[in-house]
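The sequence and the model are shown first.

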Amino acid sequence: MAEVSLRKVVKEYEGGVQAVKGIDLEIGDHEFVVLVGPSGCGKSTTLRMIAGLEDISGGEVWIGGDVVNDVPPRDRDIAMVFQNYALYPHMSVFENMAFGLKLRKFPKDEIQRRVSDAARMLDITPLLDRKPKALSGGQRQRVAMGRAIVRNPKVFLFDEPLSNLDAKLRVQMRTEIKKVHQLVPTTTVYVTHDQVEAMTLADRVVVMNQGIIEQVGAPQELYHNPATRFVAGFIGSPAMNFLPVSVIDDGGLKVQLANGTKLAVPPQKVDRYGPHKGKKMTLGIRPEHLTEVRSNEKAGVQHMVAPVDVVEPMGMETLVHFFIDGVAVCARVDPLTPARPNENLELSADMNNMHLIDDQTHKVV
Amino acid sequence: MSATTADAARARAASRAGSLERQRRWALWGSYAALSCFVVAFLTPPFYMIITSLKTSAEISAEKGNPWLVYTPTFDNFIELATSPSFQRYFLNSVWVTAMVVVISMAIAILAAFSLARMGFKGSQTIATGVFLTYLVPPSLLFIPLFQIVGFLNLLDNTWVLVLLFPTLAVPFCTWIMIGYFGSIPKELDEAALIDGASYMQILFQIFIPVALPGIIAATIFAFTVGWGAFLYPLAFLYKGEQLVLTVGIVSELIRGDVFAWGKIMAACVMGALPPILIYTFLMDYYIAGLTAGATKG
């Protein structure tokens, strides 16, 4: 078990392209941290630098209290699960799981015990004699996890392990990974581009973008208190709506949309947003905070009229898409709401959950 | 959609399907015709070789009868050759030279291909291209300068000269085949092994060689063919009977001036061709898999 620490870590490729631009991150013992972000944000490069598969151009990587910049992967006491499983195709499941232990000259009975224990935990005992090609995608990923678990390493690294699985299996394996971490609470760094995976698995989520860390926090914290426009837009599905507004004082602090609609800022946010009076900013509001008009609405809810463009019934909810002055907006309404394309729908905006974003700094104020 | 429109659409679909079927049939007929020409052109010489090897000298030189048929088949040519000490020596020399060439070429090619394909050092791409370019130089251009070198090394008229020279022909192509094969193995496999605690040599021997076996077999077959079938270098560098290999031994032993022992020559060719034929027959699938590995690199 170990802490992982990244201090001013830089990855620069030939030609001066920086994939990771001096990031700092502290990962606690037993913690499950997910690095999430779009393609090319530097999350996989960061993981590979922790693993020792990429040279570190600058800064320091610490594992378990030691700087490991120049330590080869095999001496870092880490285990990694890859997106395409990376099982040795000519070896049986048992041999795959035992390979690392054999190389480390573990006694045979110890290897047998560890592999059996891991196989039991992952429910792959009947598969131990099979070759990888005789396994399904989910089974292969379990074996890959088994190969990591038997080593009992200081740190588990997962590089988009569920991306090759179909949607149903992905959900199932996600639960299994969480269960395994509960049983074997090893420090884990997990990379994914799927924000749902990040939210469901992580103790803390690290949102990366263009080689920097945008925000680090617990899933709920990121969801409810995003630090930047990028995090606000990346976390949550459907994504948060962003509308250009003017902050005005019109018998109380309000934000005025491009179509003239004025929405009052709730009293508890007036102190926070007051200093921005007179500025053009961006209003961020999640689709679930734009709903049908309800009879028992709480304070801070404002009404607005939306010209419905597309209606997407999802079963337990319906997504209503419309435009406000050319900006696409999505609302999440009750499936019984009578929303039809090309008709107006009255919506409630829960301004208690509004965010204001500075257009210059892209920071949530 | 009305019934009439639906019927018309169905008729159009059926006509398209029929047209596709017709095209496929024509393509198949074309393929069979082309392949038949190829098979006839390719198999006629070996067929004639086998037929002639089964004839007596009298039947070969007889002016009557169809030369494509054997009237009094005999294995005398084979028996005489098999019991001839010089032919046995040529055969064993060929076996020894080929075995050495295969072992040396594959050892070099596997190590070179692994380092060029996987170790990602500066200039590896250029070196890989350079290795392949050396394969494009015709051996017939090289044997005169090589003669100087071999003479300097005092290896003329010694089978070791072939053990030294044949790998220069086999290694570039074998390395190229192996680079393609190693390149098709997912990078994550060596990364997983590195994290599991393997050294590069352990990765090569415990992961890459077993996984790339079809490629290794393909390269081995190529090295074998180079060692077994080469004619020019043995002809240029070997003279004495006890040092000769099969390809030049047949020529020097069975052609005396303008006297050609055709029956024995053909029998010797059949016996000489047998090992490659057997090897290709049993390992053909691996050979094809090895040569096409780079094509499906994903």
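**Confidence**

The structure is a predicted model. The predictor assigns the complex an ipTM of 0.85 and a pTM of 0.81. In chain B the average pLDDT is 88, and 95% of the residues score at least 70. Residues 294–298 of chain B, however, have a pLDDT below 50. In the model this stretch has six contacts beyond near neighbours in sequence.

**Chain B as a whole**

Chain B contains 13 helices and two strands. Its radius of gyration is 26 Å, whereas the globule rule gives 19 Å for 298 residues; chain B is therefore more spread out than a compact globule. The C-alpha trace of chain B spans about 90 × 65 × 35 Å along its principal axes. Of the 298 residues in chain B, 34% are buried. Among the contacts in chain B with a separation of 6 or more, 79% are between residues 24 or more positions apart.

One of the buried residues is B:Ile221, with 22 other C-beta atoms within 10 Å. This residue belongs to helix α10 (residues 213–229) of chain B. B:Ile221 and B:Ala109 are 112 residues apart along the chain, and their C-alpha atoms are separated by 13 Å.

**Where the chains meet**

Which elements of chain B give two or more residues to the side that touches chain A? In total, 14 residues of chain B are in contact with 17 residues of chain A. The elements in question are α8 (187–196) and α9 (200–211) of chain B. The most is given by α8(B), with seven residues. By class, this side of chain B has nine nonpolar, two polar and three charged residues.

**A six-stranded sheet in chain A**

Chain A holds an open sheet of six strands with mixed pairing, in the order β6-β7-β8-β3-β9-β10. Its edge strands are β6 (78–81) and β10 (212–217) of chain A, each of which pairs on one side only. On average, neighbouring strands of this sheet are turned by 20° against each other, direction ignored. In general, strands of a sheet pair through backbone hydrogen bonds, either parallel or antiparallel.

| Strand pair | Direction | Bridges |
|---|---|---|
| β6(A) and β7(A) | parallel | four bridges |
| β7(A) and β8(A) | parallel | five bridges |
| β3(A) and β8(A) | parallel | five bridges |

A:Ala79 stands opposite A:Phe156 in β7(A). A:Asp159 stands opposite A:Val191 in β8(A). A:Phe32 has A:Thr188 in β8(A) as its bridge partner.

Is strand β8 (residues 187–192) of chain A mostly covered or mostly uncovered? It is mostly covered, since six of its six residues are buried. A:Thr187, A:Val189 and A:Val191 point one way from β8(A), while A:Thr188, A:Tyr190 and A:Thr192 point the other way, and all are buried.

A helix also lies against one part of the sheet: α4 (residues 137–150) of chain A lies across β6 and β7 of chain A. Helix α4(A) runs at about 180° to β6(A).

**Backbone features in loops**

Two residues have a positive phi although neither is a glycine. A:Ala86 has a phi of about 55°, and B:Asn154 has a phi of about 60°. A:Ala86 is located in the loop between β6 and α2 (93–103) of chain A. B:Asn154 is located in the loop between α6 (139–152) and α7 (160–183) of chain B.

Why does A:Ala86 count as buried? A residue is buried if 20 or more other C-beta atoms lie within 10 Å of its own. A:Ala86 counts as buried because it has 25 C-beta neighbours inside 10 Å. For an exposed residue the cut-off is 12 or fewer. B:Asn154 is exposed because it has 9 other C-beta atoms within 10 Å.

A cis peptide bond occurs in chain A, from A:Ser237 to A:Pro238, with omega near -5°. A:Pro238 is found in the loop between α8 (229–234) and β11 (241–249) of chain A.

Methods: Residues are numbered from 1 along each chain as its sequence is written. Chains are lettered from A and ligands numbered from 1 in the order in which they are written. This is a predicted model: local features need pLDDT of at least 70, side-chain atom pairs count only at pLDDT 80 or more; totals for chains, interfaces and linings use all residues. Two residues are in contact if their C-beta atoms, placed from the backbone, lie within 7 Å. Ala, Val, Leu, Ile, Met, Phe, Trp, Tyr, Cys and Pro count as nonpolar, Asp, Glu, Lys and Arg as charged, and the others, Gly among them, as polar. Two strands pair if DSSP finds at least two bridges between them. Axes are lines fitted to C-alpha atoms, for helices over the stretch in contact, and angles run from 0 to 180 degrees between N-to-C directions. The radius of gyration is taken over C-alpha atoms; the globule rule is 2.2 Å times the number of residues to the power 0.38. pLDDT is the predictor's confidence in each residue, from 0 to 100.
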